[in-house]
Amino acid sequence: MKGAYFLVIHLPKESEITTKGRRFPLKGGYYVYVGSAMNSLEKRVARHFRRHKKLHWHIDFLLKDAKLLRAYMIPSEERLEEKLSVEVSRHGEPVEGFGAGDVRVETNLYRFDEEPDALLIRILEGLGLKWKRVKSEREAIEFGEENEARTGES
């Protein structure tokens, strides 16, 4: 299954996240990360829920110190990451240079004082997108299996 996703993350206190090449000073609060997986959306989202994994993407380094509360999986043949990031940027505080290496936006990570779920749902509904909220690795994989069964994809 192809598509995009939102990760809703809680960082309890101010932290400095160090990736392979950068340092990101982050305030405590809620964060939304916008990502895409144009191959195996369910496996990518499931991976984000794992606590033990090889650290590869910027988001992996953040998830070491923060809690992934939930993900919104958005199946689509269209590349939506940039469009979704632009929509979230209208409401959240951007973390410049985080993620977004392969799209024309400055970041894919945005900070919020409050949980951003109502906003994310408004964005998804406003764009007329189908989506599923998941809260675990297992739920992400099951959603992929359900979609595979419905569409006959393998």
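How many salt bridges does the count come to? The count comes to twelve. This is a predicted model. Its largest nonpolar core has 29 residues, and a second, separate core has 18.

**Nonpolar cores**
- In soluble globular proteins, nonpolar side chains tend to be buried together.
- Leu 7, Ile 9, Val 45 and Leu 62 have the most contacts inside the largest core.
- Strands 1 (3-11), 3 (23-26), 4 (29-37) and 5 (67-75) each give two or more residues to this core, as do helices 1 (41-49), 2 (58-65) and 5 (137-151).
- Leaving aside residues up to four places away in sequence, Val 45 touches Tyr 5, Ala 71, Met 73, Val 134 and Ala 140.
- The second core includes Val 34, Leu 84, Val 88 and Tyr 110.

- Lys 2 pairs with Glu 77, with the closest N and O atoms 3.7 Å apart.
- Lys 2 sits in the segment before strand 1, and Glu 77 in the loop between strand 5 and helix 3 (81-89), 75 residues apart.
- Lys 2 is partly exposed at 35% relative accessible area, while Glu 77 is exposed at 57%.
- Arg 50 and Glu 137 form a salt bridge at 3.0 Å, N to O.
- Arg 50 is in the loop between helix 1 and helix 2, and Glu 137 is in helix 5, 87 residues apart.

**A salt-bridge network**
- Glu 93 and Arg 111 meet in a salt bridge at 3.8 Å, N to O.
- Glu 93 lies in strand 6 (93-94) and Arg 111 in strand 7 (109-112), so the pair ties together parts 18 residues apart in sequence.
- Glu 93 is partly exposed at 33% relative accessible area, whereas Arg 111 is buried at 12%.
- Lys 27, Glu 93, Arg 111 and Asp 113 are linked in a network of salt bridges.

Definitions and conventions. Residues are numbered from 1 along each chain as its sequence is written. This is a predicted model: local features need pLDDT of at least 70, side-chain atom pairs count only at pLDDT 80 or more; totals for chains, interfaces and linings use all residues. Side-chain values use heavy atoms; hydrogens and water are left out. A nonpolar core is a set of buried Ala, Val, Leu, Ile, Met, Phe, Trp, Tyr and Cys residues joined through side-chain atoms within 4.5 Å. Buried means under 20% relative accessible area, exposed over 50%, partly exposed in between (1.4 Å probe, protein chains only). Helices (H or I, at least four residues) and strands (E, at least two) are DSSP runs, numbered from the N terminus. Contact means heavy atoms within 4.5 Å. A salt bridge is a side-chain nitrogen of Lys or Arg within 4 Å of a carboxyl oxygen of Asp or Glu.
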